[in-house]
Amino acid sequence: MPQPAAKSMTPSVQNQTNQFIKQTLDKVTGGKPSNIAVFDDANVQDHLRDSGAPQVVQDLMAVLPETVTFAEGAAPYNTASLVMDSIAKSEAMFAHEHGHAAPAWVSDDALRSTLPLVSKNYAEFLGLPSQFLGSQKTVFDDVNSASGGAMSVSQVLTAIVMAYSEPMPFSGRIAMDQGLEGRVILVGHRAAAASGDYAQYASLDGLNAGKPFLMSQRMAQAVDTSGTWAATIKNASVDAAGSPILPSAVGVYVNGLLVGQSNPMANRSDTTITFSQSFHLPGAAAGTAVTVTGNATTGVLSAVFTPALASGSVVEFSAAIDFEHANMKGKRPVVESHATIKSIRATYASALYSVSQEARHQWAVDVKLDQSSQNMAAIRTQSVAERHHLAVRRMWRIASAHVFNFEMDKANRMNERSITSIMMDLGQAIEAANLDMIVRTNLNGIGVIYVGASAASYLGTLPPEILQASNVKPRAGTYRLGRLLGKYELYFSPIPELVATSDGFPMLCIGTSDQAGANPYITGTALGAAVSPLATTVDGITGQFVFEAGVDTVNPHLQCADSAALINVKF
């Protein structure tokens, strides 16, 4: 199996994997909904084992058998179809659980996280301890399997399903590189050189966008000195001197109104700019004449108004920079794409898992899932709950520095308005926190909101115009309640920080991003719950050692991590 290079861990590769999976699902299901997909084995096999498939797909299929038998005498299953069926059902499950399709990085991570389970070479490349990797053939080796590859395939299918169930709605998932290193890549754009209102290396993203940069037109406000209004046109506002301008593209403005402009047929070689025009400002008793003179090489312009303008008037000049002038060679605006990279090291989680012979038999007969797959699912479920709770609590700590309040004033307002009407006003408080987050981070706005039990039961009784129910079955853990005010995904979380008070309840608002590395929280899986069998005890207890490695941390890019706010709702 080829070892993954650093370039295989980038967002563009994750997007390519996702697009391949989407296109394959469309082709092999004929556009049928994924939860009722029927696969053509040969068709799926051709797609997944094609040389044009993404590298992570090729690597996985290279170590899996083409067919697998799960019971003695049973018909063989096409492994490629099993993998696609697992992905299709997981995609549908994710959409139901979170209210939207899985982000691009989820499918790539789901496939990539299976590789250490079935390839010792890949696991060793990542830097996983060799004593936890099992045999050379596979981490999982069950001599009782009807097929030599049945255990490996079963583990892969379970790992894919679990990988889709693990992502937190405010986290970005990164792939792990050599040495258990994960890299958070934040892609942006900046000015390669000073131009317009941007200094060199100034960001062109988010709220920083929109100032003069690409356009050749520049504006300059004039200063009145004894009746002569003068200004200098500069390519970059930080320049000390003016820049060459086109004599045919000069304008003069009074209070924002264009009152005069140069001859559009003026010769480019003219170094002197001169034109006169008359205008009549709205509401003025009489007309006004303006005479403009200037130097096309230095960008210096001046204007004289007859009669003089009223006190408080604002005069501005516009002109187009002449980038073909000898003095402007090499000074055209240059947009530079750049990536800021921060590295994170994976940490370990481990446990001993004991199973009685009675339980093992029950799984084999009723659940029809091998013991190792059952153990892996159980451990990863516990791991997901731990990590989700930890992540929400960390985001609560960050949000505590950005607190907003919403007063319902129910005692007085309920005499005049319905509770639905009052709760609609909650949107104003959320939007205030949302805009503050966007300005503060220049990146993320609120995507998800977490509340405790009391708030969940209170909001859950409100009509659909307040909360559109998710229809996700309530469970003892974190789950999505629905869509609040038609915009925000609302989740229940049992963390103690979200417990309601006697006079209200807190709402934890967290920002999200379509770019994995821009989310406030970062996760990544190097090895997903690898199970190694231990010796059977005298009591017939089968022991297994469970080991996993991954990343769970607040985003090391501080502006991304700061995407959180707390709203205290008071009754």
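Tutor: Two strands count as paired if DSSP finds at least two bridges between them. Strands (E, at least two residues) and helices (H or I, at least four) are DSSP runs, numbered from the N terminus. This is a predicted model, in which local features need pLDDT of at least 70 and side-chain atom pairs count only at pLDDT 80 or more, while totals for chains, interfaces and linings use all residues. Residues are numbered from 1 along each chain as its sequence is written, and side-chain values use heavy atoms, with hydrogens and water left out.

The strand to look at is E22, residues 504-512. Eight of its nine residues are buried (under 20% relative accessible area, with exposed meaning over 50% and partly exposed the range in between, for a 1.4 Å probe and protein chains only). E22 is therefore largely enclosed by the rest of the structure.

E22 pairs with strand E18, residues 445-451, and the two run antiparallel, joined by five bridges. Within this pairing, Val448 has Ile510 of E22 as its bridge partner. E22 also pairs with strand E25, residues 564-570. Here seven bridges join the strands, again in the antiparallel sense. In this second pairing Pro506 stands opposite Asn568 of E25.

Side chains make links of another kind. The structure holds 15 salt bridges (a side-chain nitrogen of Lys or Arg within 4 Å of a carboxyl oxygen of Asp or Glu).

One of them joins Arg480 and Glu489, whose closest N and O atoms are 3.0 Å apart. Arg480 has a relative accessible area of 7%, so Arg480 is buried. Glu489 is buried as well, because its relative accessible area is also 7%.

Another salt bridge brings together the side chains of Lys487 and Glu431, at 3.0 Å from N to O. Lys487 sits in the loop between strand E20 (479-484) and strand E21 (488-492), and Glu431 in helix H13 (residues 426-441), so this pair ties together parts that are 56 residues apart in sequence. With a relative accessible area of 25%, Glu431 is partly exposed.

A further salt bridge is formed by Glu91 and Lys22, with 3.0 Å between the closest N and O atoms. This pair links distant parts of the chain, 69 residues apart: Glu91 belongs to helix H4 (residues 79-98) and Lys22 to helix H1 (residues 11-29). Glu91 counts as buried because its relative accessibility is 9%. Lys22, at 26%, counts as partly exposed.

Salt bridges can also join into a network, as they do for Arg268, Asp322 and Glu324.

To return to strands, there is an open sheet made of five of them, in the order E7-E8-E13-E12-E11, with antiparallel pairing. Its edge strands are E7 (223-225) and E11 (272-279), each of which pairs on one side only. The partner of E11 is strand E12 (residues 288-295), and eight antiparallel bridges connect the two. In that pairing, Gln277 stands opposite Val290 of E12.
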